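Here are my notes on the model you sent over. Have a look at it first, then go through the points below.

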Amino acid sequence: PTLVRTAHGGDSRAAEAAIHALARIGGATEVDIIVELIMNGESDLKQPATLALSAIGKRHPQRVADQVRIMIERKGQNAVWLSVLGALRRSKDLDVVVNGVRSANPKIRKAALGASLSYGGSFPEEVLLEALNDAVAQVRAAAARALGAFSTDQALTALQQAMEDEDPWVVSEVVEALGRSGSHLVVDELFRMVDHHSPAVVIATLQALARLCPLGIEKIIDSALAHNDSEVVVEAMNVLRCLSRDEAGERLLEAMKHGSWDVRLAAAEMAQRRRIVVPR
């Protein structure tokens with residue numbers, strides 16, 4: 001009772017602390033209270049209250065899911081309810097999340113795609129493929145992120161086509177998803193993306209290639225190390241793990257002379273992690 005009163009109290013810091021405590025020890029009887037906070041509480045308490053509801057849902061999934069579904073029936077879908085259902089990962093709630101992906105509201109579609117991540121490869125692939133062609137870039141990016149859990153021919157083909165998207169944020173999510181797929185069938189396409197005009201896309205490509213460590217990665221690393229954006233060069237340090245110590249050491253020595261301190265720092269840290277001996 002004390003925690004409940006504090007959560008509804010006027011002091012925002014104390015209220016947030018009480019909500020965090022309820023997340024750890026709250027039970028089924030506190031579900032209605034948390035839902036009330038989400039619906040009518042202070043705006044800065046909605047996020048911790050949502051996290052608390054998800055945490056209680058791990059202990060009392062049926063109680064939380066029932067209450068969330070009631071709220072959706074009464075008030076309609078919103079990002080909070082979809083987030084909670086995604087955290088519960090119940091196959092019984094899959095229909096609600098799928099309906100969210102097909103909502104007329106792009107914010108709802110994006111939230112539903114975020115919830116779909118919890119289901120991984122068990123989420124209907126065709127729904128994600130449809131969302132990858134959405135009119136809103138943020139929705140397409142979320143769909144690409146979710147498709148990273150699939151390694152089917154359909155998913156890989158769709159992601160490869162989405163690499164031509166006009167929005168760099170979408171392309172970044174696409175190449176990350178291709179990297180997570182673990183398929184070496186997309187290596188040539190990823191190699192091509194290292195020359196993309198957006199540094200964000202190049203960084204995402206390097207992260208994807210670092211997971212695959214394909215043949216011919218040396219040329220890609222050298223290209224990235226010569227990039228005019230220091231953040232790209234820093235990311236190239238992580239890809240050096242794909243090379244032998246001697247090959248990596250040669251490149252690290254050059255990187256330690258770079259004009260940007262963050263590149264020199266990244267090179268020194270990589271040398272330490274790889275236990276590469278360099279001249280004092």
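1. A nonpolar core here is a set of buried Ala, Val, Leu, Ile, Met, Phe, Trp, Tyr and Cys residues joined through side-chain atoms within 4.5 Å; buried is under 20% relative accessible area, exposed over 50%, and partly exposed in between (1.4 Å probe, protein chains only). The largest such core has 98 residues, and I34, L53, F123, L190 and M237 touch the most other members. Helix α14 (residues 199–212) is the top contributor, giving 9 residues to this core. Helices are DSSP runs of H or I, at least four residues, numbered from the N terminus.

2. Before going on: this is a predicted model, with local features needing pLDDT of at least 70 and side-chain atom pairs pLDDT 80 or more, while totals for chains, interfaces and linings use all residues. Residues are numbered from 1 along each chain as its sequence is written, and side-chain values use heavy atoms, leaving out hydrogens and water.

3. M237 brings us to helix α16 (residues 230–239), where V232, V233, E235, A236, M237 and V239 are buried. Taking contact as heavy atoms within 4.5 Å, the buried residues of α16 pack against α14, α15 (217–225), α17 (245–255) and α18 (261–273). M237 itself contacts L225, L252, A255, A266, A267 and M270, leaving aside neighbours within four places in sequence.

4. What caps the N-terminal end of α16? D229 does, with a side-chain oxygen 2.8 Å from the backbone nitrogen of E231; a polar contact is a pair of N or O atoms within 3.5 Å, one able to donate a hydrogen and the other to accept it within protein, and sequence-adjacent residues count only if both atoms are side-chain atoms.

5. Helices α4 (residues 46–59) and α5 (residues 61–75) have axes that come within 6 Å and cross at roughly 135°. The axes are lines fitted to C-alpha atoms over the stretch in contact, with angles from 0 to 180 degrees between N-to-C directions. L53, I56, G57, K58 and R59 of α4 meet P61, V64 and V68 of α5.

6. Helix α7 (residues 94–101) is largely enclosed by the rest of the structure, because 6 of its 8 residues are buried. These are L94, V96, V97, V98, G100 and V101, and they pack against α5, α6 (79–88), α8 (106–116) and α9 (125–131).

7. Is Q154 buried or exposed? Q154, in helix α11 (residues 153–162), is exposed, with a relative accessible area of 53%. Not counting residues up to four places away in sequence, Q154 touches E125 and L129.

Methods. Helix = DSSP H or I, 4+ residues; strand = E, 2+ residues; numbered from the N terminus.
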